[in-house]
Amino acid sequence: MARPLDSHHPDYPVVAPVVARILSAAGGQQGIEEHVPLLLRNAIDEVVDMPRTGRFFIEQTEKTEKTYLGTKVEILLRAWLGFPRGKTLDMSIDGTECDIKNTMHYNWSIPRENVGRLALLVKSNEKKAVCSIGVAVLHDAYLNPGRNQDQKRTMSAIGQTNIWWMLDGYPYPVNFWRVMTAAQRDELMNAGSATAKLTRLFEMIQRRPIARGQVADLARQHDYMKRLRANGGARDRLRPKGIALLSGFYDRLAISHLKLGPLTAEEFISVSPKDQAEEDYLRLKGYID
């Protein structure tokens with residue numbers, strides 16, 4: 001999923017050391033793949049704030065909230081990577097400053113003061129549930145000539161070919177509300193107790209990773225993990241129905257065996273066996289009755 005610049009690219013001497021340092025701070029390519037998707041999922045969900053607002057989608061937020069989402073992604077990335085804020089730009093990587101640009105669309109808004117400077121570019125698509133993160137030098141030649149009313153520009157299609165992508169179109173946890181009909185959303189919200197809601201969720205949405213934060217939002221309880229586990233939780237209610245509820249932390253072998261990944265330690269997934277081999281495996285391991 002990574003797309004590095006060719007070593008002969010004119011920006012390579014500037015971009016390569018920055019990418020190498022980011023990857024080192026992130027724990028390598030695997031760290032990027034595990035943490036960035038969840039970081040974006042959590043940032044979006046916190047801005048939507050479903051438990052307190054009754055909203056389900058980022059499109060339902062106010063313009064100021066969408067602007068704040070970019071600030072939140074910037075703060076979370078900087079804290080996770082352990083880099084300080086720069087004197088001029090958003091982040092200093094061993095003395096090399098770069099800006100952090102986030103978009104929920106195809107492009108970024110580039111102000112005049114960022115032209116010619118390094119940027120960490122982040123992009124997420126809620127409808128497709130994919131994200132991208134890369135580094136580029138925002139040369140004037142990479143930008144479209146047109147400006148909006150704030151005199152900001154966007155990257156041209158050719159300009160975007162000059163981005164060193166650490167992730168490009170990489171899957172991140174789907175907003176499960178988005179794959180439901182309005183009737184299903186109403187049914188889930190009115191399913192009763194926290195355990196009943198989580199049980200119904202994992203009946204409805206199978207073979208799709210669901211982030212821990214979204215589970216917490218739906219349960220609306222501090223001890224939401226108790227509502228998932230055995231001993232009376234959703235897992236016990238799903239097992240007799242032939243549905244296995246798997247944790248990305250505890251059930252990695254089963255997830256790998258069933259080819260359900262990629263799944264991080266902060267995600268859950270449910271699955272009904274699609275054939276006799278899966279049914280035999282899940283029953284043998286005690287995931288279903």
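Predicted model: local features only at pLDDT ≥ 70, side-chain atom pairs only at ≥ 80, totals over all residues.
Buried, as used here, means under 20% relative accessible area, exposed means over 50%, and partly exposed is anything in between, worked out with a 1.4 Å probe and protein chains only.

Residues are numbered from 1 along each chain as its sequence is written, and side-chain values use heavy atoms, with hydrogens and water left out.

**The chain as a whole**

The chain has ten helices and eight strands; these are DSSP runs numbered from the N terminus, with helices (H or I) of at least four residues and strands (E) of at least two. The radius of gyration is 21 Å, close to the 19 Å that the globule rule gives for 289 residues, so the chain is as compact as a globular protein of that length. That radius is taken over C-alpha atoms, and the rule is 2.2 Å times the number of residues to the power 0.38. Taken along the principal axes, the C-alpha atoms fill a box of roughly 60 × 40 × 30 Å.

Of the 289 residues, 49% count as buried. As for contacts (heavy atoms within 4.5 Å), take those between residues at least 6 apart in sequence: 59% of them join residues at least 24 apart. The chain exposes about 14,100 Å², and carbon and sulfur atoms supply 51% of that area; accessible areas come from the Shrake-Rupley method with a 1.4 Å probe, and for residues only the protein chains shown count as cover.

**Charges and salt bridges**

There are 40 positive and 34 negative side chains, and the centres of the two sets lie 2 Å apart. Lys and Arg count as positive and Asp and Glu as negative, leaving out His and the chain ends. Each charge is placed at NZ of Lys, CZ of Arg, CG of Asp or CD of Glu.

The structure holds 21 salt bridges, a salt bridge being a side-chain nitrogen of Lys or Arg within 4 Å of a carboxyl oxygen of Asp or Glu.

| Pair | Closest N and O atoms |
|---|---|
| Glutamate 65 and arginine 55 | 2.9 Å |
| Arginine 85 and aspartate 90 | 3.9 Å |
| Arginine 283 and glutamate 279 | 2.9 Å |

Start with the salt bridge between glutamate 65 and arginine 55. This pair links distant parts of the chain: glutamate 65 is in helix H4 (residues 63-81), while arginine 55 is ten residues away in the loop between helix H3 (50-53) and H4. Glutamate 65 is partly exposed at 21% relative accessibility, whereas arginine 55 is buried at 14%.

Arginine 283 and glutamate 279 both sit in helix H10 (residues 276-284), four residues apart, which is about one turn of the helix. Arginine 283 is partly exposed at 39% relative accessibility, and glutamate 279 is partly exposed too, at 25%.

Back to aspartate 90: together with Glu74, Arg78 and Arg85, Asp90 belongs to a network of salt bridges.

**Around helix H7**

Helix H7 covers residues 212-219 and includes glycine 213, which is partly exposed at 26% relative accessibility. Glycine 213 and valine 130 are 83 residues apart in sequence and 18 Å apart in space, C-alpha to C-alpha.

Aspartate 45, in helix H2 (residues 28-48), is buried at 10% relative accessibility. Not counting residues up to four places away in sequence, aspartate 45 touches Met50, Gln214 and Asp217.

Tyrosine 224 lies in the loop between H7 and helix H8 (234-238) and is buried at 14% relative accessibility. Leaving aside neighbours within four places in sequence, tyrosine 224 is in contact with Leu198, Arg212, Val215, Ala216 and Ala219. Tyrosine 224 and arginine 212 are twelve residues apart in sequence, with their C-alpha atoms 9.5 Å apart.

**Two loop residues with positive phi**

Arginine 207 isn't a glycine, yet has a positive phi of about 60 degrees. Arginine 207 is in the loop between helix H6 (194-204) and strand E6 (210-211), and is partly exposed at 32% relative accessible area.

Lysine 259 has a positive phi as well, near 55 degrees. Lysine 259 is in the loop between helix H9 (252-257) and strand E8 (267-271), and at 73% relative accessibility counts as exposed.
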